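Work through each task before reading its solution.

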Amino acid sequence: VKHGAEIALLKPDSKAGMTVNEALENRRSWREYAPEALSLEELSGVMWAAGGVNRPADGRLTAPSALALYPVRVYAFFAEGVYRYDARAHKLVRVLEGDRRKLTGMQDFVFAAPLNLVYLADRTVYEGRNIPAEHVRYLCGQDAAGYAENVNLYTAGHGLRSITRGSVPEAELLAALGLEPARWFVALAQTVGK
């Protein structure tokens with residue numbers, strides 16, 4: 001993977017990997033990762049599984065969303081930099097250079113794994129709706145869980161490792177990304193590797 005201003009991702013092979021039942025049988029939470037980077041094919045599949053477009057006619061994603069509002073944005077943290085996933089174009093767009101993996105978790109394995117995903121939720125997609133703030137957090141968490149479990153099943157079905165996590169230094173992460181805490185919050189994080 002060449003870490004430039006953008007990373008053009010490959011279209012995932014819909015026939016690759018194990019069956020869903022085999023992936024479910026293999027699914028587990030991993031806390032040990034090799035430092036080896038994912039291939040472009042593996043990275044492309046992980047990002048598409050998280051929240052890529054699977055119905056081009058209407059732009060709907062692989063992950064479900066309460067009220068179909070899709071408040072979750074996926075950020076990928078590598079040793080080389082931080083990227084935001086553009087699902088429509090199926091590419092990663094660099095937002096920060098350098099190793100910022102320490103912003104994605106508290107456990108030591110997070111800092112050594114080749115990829116950490118952070119699912120950030122945008123509260124503004126619920127503006128104008130009669131939904132209490134605490135319920136917005138619930139809905140966003142529900143959406144992020146769908147994204148993360150898609151990745152867990154993808155990794156289990158393709159010989160990769162992953163774990164979904166909730167521990168993130170949120171204030172530091174949002175500050176580094178220049179995101180307003182009144183608008184954004186961390187719904188979940190996830191570590192991916194081999």
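**Exercise 1. Compare the radius of gyration of the protein chain with that of a compact globule.**

Solution. With 194 residues, a compact globule would have a radius of gyration near 16 Å, and the protein chain has 16 Å, which agrees. The radius is taken over C-alpha atoms, and the globule rule is 2.2 Å times the number of residues to the power 0.38. Along its principal axes the C-alpha trace spans about 45 × 35 × 30 Å.

The model is predicted: local features need pLDDT of at least 70, side-chain atom pairs count only at pLDDT 80 or more, and totals for chains, interfaces and linings use all residues. Residues are numbered from 1 along each chain as its sequence is written, and side-chain values use heavy atoms, with hydrogens and water left out.

**Exercise 2. State how many helices and strands the protein chain has, and their order.**

Solution. Step one is the count: 5 helices and 9 strands. These are DSSP runs numbered from the N terminus, helices being H or I with at least four residues and strands E with at least two. Step two is the order, which from the N terminus on reads β-α-α-β-β-β-β-β-α-β-α-β-α-β.

**Exercise 3. Describe the largest pocket and its lining.**

Solution. A pocket is an open set of points on a 1 Å grid over the protein atoms alone, where a 1.4 Å probe fits, with protein on both sides within 12 Å along at least five of seven lines; a cavity is a set from which the probe cannot get out, and lining residues have an atom within 4 Å of a point. Grid points are joined across faces, edges and corners, and a volume is the space filled by probe spheres set on the points.

1. The volume of the largest pocket is about 760 Å³.
2. Its lining has 31 residues, with Pro12, Asp13, Ser14, Trp48 and Tyr154 nearest the centre.
3. Two or more lining residues come from each of α1 (20-26), α2 (40-51), β2 (53-55) and α4 (133-157); α2 has the largest share, 6 residues.
4. By class the lining holds 14 nonpolar, 11 polar and 6 charged residues. Here Ala, Val, Leu, Ile, Met, Phe, Trp, Tyr, Cys and Pro are nonpolar, Asp, Glu, Lys and Arg charged, and the others, Gly among them, polar.

**Exercise 4. Describe how α2 and α4 pack.**

Solution. The helices pack at an angle of about 145°, with axes 7 Å apart. Axes are lines fitted to C-alpha atoms, for helices over the stretch in contact, and angles run from 0 to 180 degrees between N-to-C directions. In the contact (heavy atoms within 4.5 Å), residues of α2 including Glu41, Val46 and Gly51 meet residues of α4 including Tyr147 and Tyr154. This contact has 6 nonpolar, 4 polar and 2 charged residues.

**Exercise 5. Which element gives the most to the lining of the largest cavity?**

Solution. The structure holds 1 cavity of 30 Å³ or more. Its lining includes Asn26, Trp30, Asn152 and Arg161. α4 gives the most, with 3 residues.
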